[in-house]
Number of protein chains: 2
Amino acid sequence: MQVSFAVQVVLTRVAAQQDLSLTQLRLLGILRDRTPSMAAIADFLELDRSSITGLIDRAERRGLVARRPSPSDARVTLVEATAVGLELASRIGAEVGASIEQLLAGSSATARASIEKLAASLPQP
Amino acid sequence: MQVSFAVQVVLTRVAAQQDLSLTQLRLLGILRDRTPSMAAIADFLELDRSSITGLIDRAERRGLVARRPSPSDARVTLVEATAVGLELASRIGAEVGASIEQLLAGSSATARASIEKLAASLPQP
DNA sequence: TATTGTTATACTCTATAACTATA
DNA sequence: TATAGTTATAGAGTATAACAATA
């Protein structure tokens with residue numbers, strides 16, 4: 001639990017530096033390599049679909065993402081990161097990586113291996 | 001990060017089962033063995049003092065905590081868990097412990113030792 | 001009929017700024 | 001003057017229920 005909270009503090013701090021919430025940070029992470037539907041985003045984040053509407057509204061207002069109609073199903077709206085959003089996502093990814101690395105700075109190779117093994121045993125990410 | 005999110009999912013689920021937010025869950029955890037001032041709670045949770053007013057209002061409305069004047073300083077309000085709040089905190093503590101234990105079910109003794117060592121190396125909890 | 005996304009509504013959580021009561 | 005707590009206000013995040021458009 002301590003480890004968990006330490007990581008959350010790191011993520012929250014990195015997000016706050018870019019004036020983002022943890023949810024917006026996770027959204028950008030999802031959009032780095034995908035262009036999911038609203039429903040798919042709700043599934044990823046385990047939120048109700050009605051919550052996604054506002055989330056995407058706010059991200060769109062900031063120019064980080066854009067809505068696009070699905071070519072195959074007129075009911076579906078796809079969401080993609082803009083160039084600005086992708087750039088920010090990339091910057092955040094690097095920052096998070098560095099911060100986690102720093103968190104692990106004092107831990108041995110065997111400790112890291114143990115944690116990786118634990119992570120692998122967890123329910124699907 | 002995977003480990004961190006897995007723990008957060010556990011905590012959020014346990015809190016939701018009792019119709020509590022993660023913040024209310026943390027509050028109850030704090031009050032298990034303390035009767036802090038409003039300001040001290042703000043420090044623990046790293047939130048603004050104005051946020052604590054509403055947090056305690058809602059917990060008080062649910063009968064989980066009670067405000068009490070400080071005997072030594074008339075400006076200070078102390079917060080203590082009620083019997084109901086303590087009972088709930090205890091139940092939640094057991095539930096969280098069991099869930100984390102389950103999360104670690106497949107991991108070896110050396111893996112656990114590594115994680116404990118990492119936790120010990122982290123900035124003060 | 002079932003699914004997708006939105007709207008309307010309500011609540012929690014959080015912060016900033018202004019205020020009061022006390023020290 | 002400085003500190004503790006509250007209020008007013010604003011915004012993000014979240015859910016439930018009802019709805020329109022499409023499949």
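These questions and answers concern a predicted model of two protein chains, A and B, with DNA strand D. As a prediction, the model is read with limits: local features need pLDDT of at least 70, side-chain atom pairs count only at pLDDT 80 or more, and totals for chains, interfaces and linings use all residues. Residues are numbered from 1 along each chain as its sequence is written, chains are lettered from A and ligands numbered from 1 in the order in which they are written, and side-chain values use heavy atoms, with hydrogens and water left out.

Q: How many residues are around DNA strand D?
A: A residue is near a strand if one of its heavy atoms lies within 4 Å of it. Those that come nearest to DNA strand D are A:Ser21, A:Ser50, A:Arg58, B:Ala39 and B:Arg49.

Q: What percentage of the atoms of DNA strand D within 4 Å of the protein belong to sugar or phosphate?
A: These atoms divide between sugar or phosphate on one side and bases on the other. The sugar or phosphate part is 76%.

Q: Which side chain has a polar atom 3.0 Å from a phosphate oxygen of DNA strand D?
A: A polar contact is a pair of N or O atoms within 3.5 Å; within protein, one must be able to donate a hydrogen and the other to accept it, and residues adjacent in sequence count only if both atoms are side-chain atoms. The side chain at 3.0 Å is that of B:Thr53.

Q: Which element gives the largest share of the surface near DNA strand D?
A: Helices (H or I, at least four residues) and strands (E, at least two) are DSSP runs, numbered from the N terminus. The largest share is four residues, and these come from α4(A).

Q: How much area do chain A and chain B bury between them?
A: Buried area is the accessible area (1.4 Å probe) that two parts lose on being put together, summed over both. Of the area buried here, 76% is on carbon and sulfur atoms. The total is about 2300 Å².

Q: How many residue pairs are in polar contact across the interface of chain A and chain B?
A: Both residues of a pair must be at pLDDT 80 or more. By this rule the number of pairs is six.
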